Amino acid sequence: MQFNKIIGHAELKARLIGNIREGRVAHAQFFLGPRGSGVLPLALAYATYLFCENPGEGDSCDVCPSCVMMAKLAHPDLNLVFPIFLSEKVKTCEAFVADWRAIVSSVPYLDAEMWRGSLNGENKQLRMGVDIAAEVVRKLSLKSYSGGWKVMLIWLPEMMDAAMANKILKVLEEPEPKTAFLLAGHANDRILPTILSRTQLVKVAAPGPSEVAAAIQERHPDMSPADARGIAARSEGDLLEAFSMANGEEEEMFIFFRDWLRACYANKVADNVGFADYFAKMGREEQKGLMTYALYLIRQCMLQWQDVPQLIAAFGEEMEFVKKFSALLNVQNADGIRRELETAHMHLERNANPKVLFMDLSYRLGTLLRMKEAVA
Ligand SMILES: [Zn+2]
């Protein structure tokens with residue numbers, strides 16, 4: 001990963017490169033930023049630059065043997081640490097490293113949900129335990145393969161359990177020469193303060209809307225600039241979200257939601273059984289994602305109903321839906337619909353039976369939607 005492949009962050013990139021060129025490489029750095037902001041690609045670009053045998057003023061060279069190996073995330077001095085499905089048999093990242101390399105190579109803005117999904121482990125929990133830390137300690141004791149830097153990259157350090165965090169803390173307390181710990185994550189409030197105090201914070205802000213819009217246009221040259229700007233505004237700087245919207249994954253969700261709500265309104269019970277079956281077959285995260293999306297779209301409808309269309313982020317087909325659907329909202333039902341969806345999301349988190357929940361929700365939403373405004 002080179003710096004020039006990363007969207008935005010011009011100032012930060014220049015500062016990071018400047019630090020390396022001036023020999024100021026902090027022993028431990030924490031790339032901290034929101035989801036989709038590029039904390040992982042930035043940490044990887046930093047490692048690539050550090051390993052590069054012929055680094056330029058603005059970026060790594062991309063052609064030396066180190067850069068070639070880094071492009072495959074397979075540099076022998078790059079140690080990768082990330083959350084996995086811990087089990088009796090599998091306690092370190094080794095078993096998952098090929099999968100991780102593959103997905104990060106295609107989706108460098110990856111988040112935990114996507115990583116879990118790529119392993120077909122929707123309902124399994126990603127964790128990092130003490131055996132992973134022991135592996136880090138073991139690798140620290142080995143000599144550097146190239147005679148230069150060793151990098152320990154810890155992705156999502158906020159997911160370390162207490163035992164692992166304590167072991168990592170000990171390592172950070174006794175810095176080894178020419179060893180750089182690069183942490184890349186989204187939440188510093190779930191990390192031991194003693195670890196934080198030993199790492200230099202690299203704050204990564206979400207890229208701006210014009211940068212996001214430009215990145216979408218580059219990937220989707222056929223998309224109209226207005227649509228790209230619309231997606232950029234709605235993604236709030238979350239590139240992962242922006243790319244998935246641009247790829248039309250959201251459209252699938254939209255169609256499901258729209259057709260389902262129509263069936264609820266028309267009280268088509270048989271159709272709703274079909275929707276419930278489909279819903280029950282989704283993974284838990286996908287189900288929660290659908291409820292989050294439904295809440296977003298209902299909020300858009302409420303903005304339309306409250307006559308503040310300038311606040312609406314929907315566009316295209318979604319906007320058509322918002323205009324039509326908002327006509328069904330009134331003081332009797334608007335808040336109830338929102339509450340029903342919020343409650344469903346909460347029950348999914350508590351592992352409710354998805355089919356029962358969905359059928360019940362369909363009935364309740366249908367009743368609310370058919371409710372007419374009381375005439376005074
Ligand atoms: Zn190079």
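What follows is a short chat about a predicted model of one protein.

Reader: Before the details, what should I know about the numbering and the cut-offs on confidence?

Author: Residues are numbered from 1 along each chain as its sequence is written. The model is predicted, so local features need pLDDT of at least 70 and side-chain atom pairs count only at pLDDT 80 or more, while totals for chains, interfaces and linings use all residues.

Reader: Fine. How is the protein divided?

Author: Into domain 1 (3–205) and domain 2 (248–369); the bounds come from an automatic or database domain assignment. The C-alpha centres of the two domains lie 38 Å apart.

Reader: And what does the C-alpha trace span?

Author: About 80 × 50 × 30 Å along the principal axes.

Reader: How many helices and strands?

Author: The protein has 17 helices and five strands. Helices (H or I, at least four residues) and strands (E, at least two) are DSSP runs, numbered from the N terminus.

Reader: What share of the residues counts as buried?

Author: 36% of the 376 residues. Buried means that 20 or more other C-beta atoms lie within 10 Å of the residue's own, exposed means 12 or fewer, and partly exposed is in between, with C-beta atoms placed from the backbone.

Reader: Let's take S4. Is it enclosed or open?

Author: Strand S4 (residues 179–185) is largely enclosed by the rest of the structure, because six of its seven residues are buried.

Reader: Which strands are joined to S4?

Author: Strand S1 (residues 28–32) runs parallel to S4, with five bridges between them. Strand S3 (residues 150–155) is also parallel to S4, joined by six bridges. Two strands pair if DSSP finds at least two bridges between them.

Reader: Which unit do S3, H7 and S4 make?

Author: A right-handed β-α-β unit. Right-handed means that, with the strands pointing away from the viewer, the path from the first strand over the helix to the second runs clockwise.

Reader: Then H7. Which of its residues are buried?

Author: In H7, Met164, Ala165 and Ile168 are buried. They are on the same side of H7, because they cover an arc of only 95° around the axis; the arc is that of the directions from the helix axis to the C-beta atoms.

Reader: And on the other side?

Author: Ala162, Lys170 and Glu173 are exposed there.

Reader: What covers the buried ones?

Author: The cover includes helix H6 (130–141) and helix H8 (193–196). Contact here means C-beta atoms, placed from the backbone, within 7 Å.

Reader: Changing topic: how enclosed is H11?

Author: Helix H11 (residues 239–246) is largely enclosed by the rest of the structure, because six of its eight residues are buried. Among them are Leu239, Glu241 and Phe243.

Reader: What follows H11?

Author: Glycine 248 follows H11, and its phi is positive, near 85°.

Reader: Which residues other than glycine have a positive phi?

Author: Leucine 73 is one of them, with phi near 55°. Leucine 73 sits in the loop between helix H3 (65–71) and strand S2 (78–81). Aspartate 307 has a positive phi too, near 65°, and lies in the loop between helix H14 (284–305) and helix H15 (316–325).

Reader: Are those two buried or exposed?

Author: Leucine 73 counts as buried because it has 20 C-beta neighbours inside 10 Å. Aspartate 307 has 8 C-beta neighbours inside 10 Å, so aspartate 307 counts as exposed.

Notes: Contact = placed C-beta atoms within 7 Å.
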